[in-house]
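Biologist: Please give me a close look at a single residue and its surroundings. Start with the whole chain, and finish with a second place or two for reference.

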Amino acid sequence: MTTEMARARRLVAEADRIVVLTGAGISAESGVPTFRGAGGLWKSHRPEELATPEAFARDPQTVWEWYAWRRGLIADCDPNHGHLALARLALGGTPTTIVTQNVDGLHVMAGTDPALVVEVHGTTRRAMCLSCDWRDDIEVVLARVRAGDEDPHCVDCGGLLKSATVSFGQNLFPGDMERIEQAAIACDLVLAVGSSLQVYPVAAMVPLAARHGARVVIVNGEPTAMDDLADVLVMGSISEVLGTVVGWSAGRNVRGDASVD
Ligand code: APR
C-alpha cells in the first residue's frame, strides 16, 4: 500500500458522509470505452456529431446506430473490482452517495442500492420520450429501428424518442443537480474516481464540496483537471487500488463476508 493509498484509506475511514463521483475510468476495465483517455471515444468520434439534440434532429438514424452500438458495447460488460469496492463502501454504514457520469448501469449491477446512485447522465439501457413521461428498455425502440423505423416516435404522444441519456447541450434530469449539490455541500469527503473532471455542471461538485470543508481524494490513472484541489491523489488502475482505499478486498463479497467464490 503506497503512502497516498494509506492517507486516502484513513480519510475514507474517518469520514461521516461521503460523496463519490465516478467517471468512465471505473468502467474501462469492464470493457466500456472512456471518452478522453487513451483510446477514448472522442478520439474517433465527434461529440457534436452524435451526442447533441442538433445531431439527433439532423440525422436520427446515425444517432440510433450510435445508441445501438453503445448499447451493444455494454450488453456483455460486468462490474469490476472498482464497482464492487464502491458497493461495499455504500453498504459499510457511512452515508454514501454515488454520483456517476456513466450510463452503463454497472454500479447497480455491482450491488449498490439504486437509491444511493445518481445517474446524472442517464442510462443507455433505457429510452425516453422528449415530450411525455414515456420510458422503456431501449431494446423496445432499437427493435423498431432495426425493423426499418428510421426515426421512431412515441406511441403515446408522437414525441421524439431518444436514449435516456443526457446529451451535450441538454439539461440534467429535473432534481438531479439539486440533489448532487446538496450531497456535495453536506459531505465531509468527496472521492472522485475515474474521471478527467472536465465536464460541467457535474464536475463543479468537487470544488463545491471543497469550499464547504470536504476533503478531496482523487483516484485516477492520469492527471485530472482538478488535481490541485486534492488532499490525496491516488494514481493507478482503479480495479487494483480502489478496494484498498475503501477497505474492501476482492476476497470478500460486497457485504464484507468472506466470499465463497
Ligand atoms: N484506471 C484508472 N483510471 C482510468 C482507467 C483505469 N483503468 N481507465 C481510464 N482511466 C481514466 C482516464 O485516464 C481518464 O482520465 O479515467 C478518466 C476518464 O475520463 P473521461 O474519458 O473524460 O471520462 P469522464 O470524466 O467520465 O467524462 C465525463 O464526458 O463525454 C462526456 O457524457 C460523457 O459522462 C461523460 C463525461
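**One residue in its setting**

Modeller: Of the contacts in the protein with a separation of 6 or more, 66% are between residues 24 or more positions apart; a contact here means heavy atoms within 4.5 Å. The model is predicted, so local features need pLDDT of at least 70 and side-chain atom pairs pLDDT 80 or more, while totals for chains, interfaces and linings use all residues. Residues are numbered from 1 along each chain as its sequence is written, and side-chain values use heavy atoms, with hydrogens and water left out.

The protein contains twelve helices and nine strands. These are DSSP runs numbered from the N terminus, with at least four residues (H or I) for a helix and at least two (E) for a strand. The C-alpha trace spans about 55 × 45 × 35 Å along its principal axes. Of the 261 residues, 50% are buried, meaning under 20% relative accessible area with a 1.4 Å probe and protein chains only, against over 50% for exposed and in between for partly exposed.

The residue I have picked is Asn220, which belongs to strand E8 (residues 215–220). Asn220 counts as buried because its relative accessibility is 9%. A polar atom of the Asn220 side chain lies 2.8 Å from the backbone oxygen of Glu222. Leaving aside residues up to four places away in sequence, Asn220 touches Gly194, Ser195, Val234, Met235 and Gly236.

For reference, take Phe56 in helix H5 (residues 53–58). Phe56 has a relative accessible area of 4% and is therefore buried. With residues up to four places away again not counted, Phe56 touches Val63, Trp64, Tyr67, Leu160, Leu161 and Lys162. The C-alpha atom of Phe56 is separated by 34 Å from that of Val219, 163 residues apart along the chain.

The other place is helix H7 (residues 81–91), whose buried residues are Gly82, His83, Ala85, Leu86, Ala87, Leu89 and Ala90. At the start of H7, the backbone nitrogen of Gly82 has a side-chain oxygen of Asn80 within 2.6 Å. After H7 comes Gly93, with a positive phi near 110°.

Methods. A polar contact is a pair of N or O atoms within 3.5 Å; within protein, one must be able to donate a hydrogen and the other to accept it, and residues adjacent in sequence count only if both atoms are side-chain atoms.
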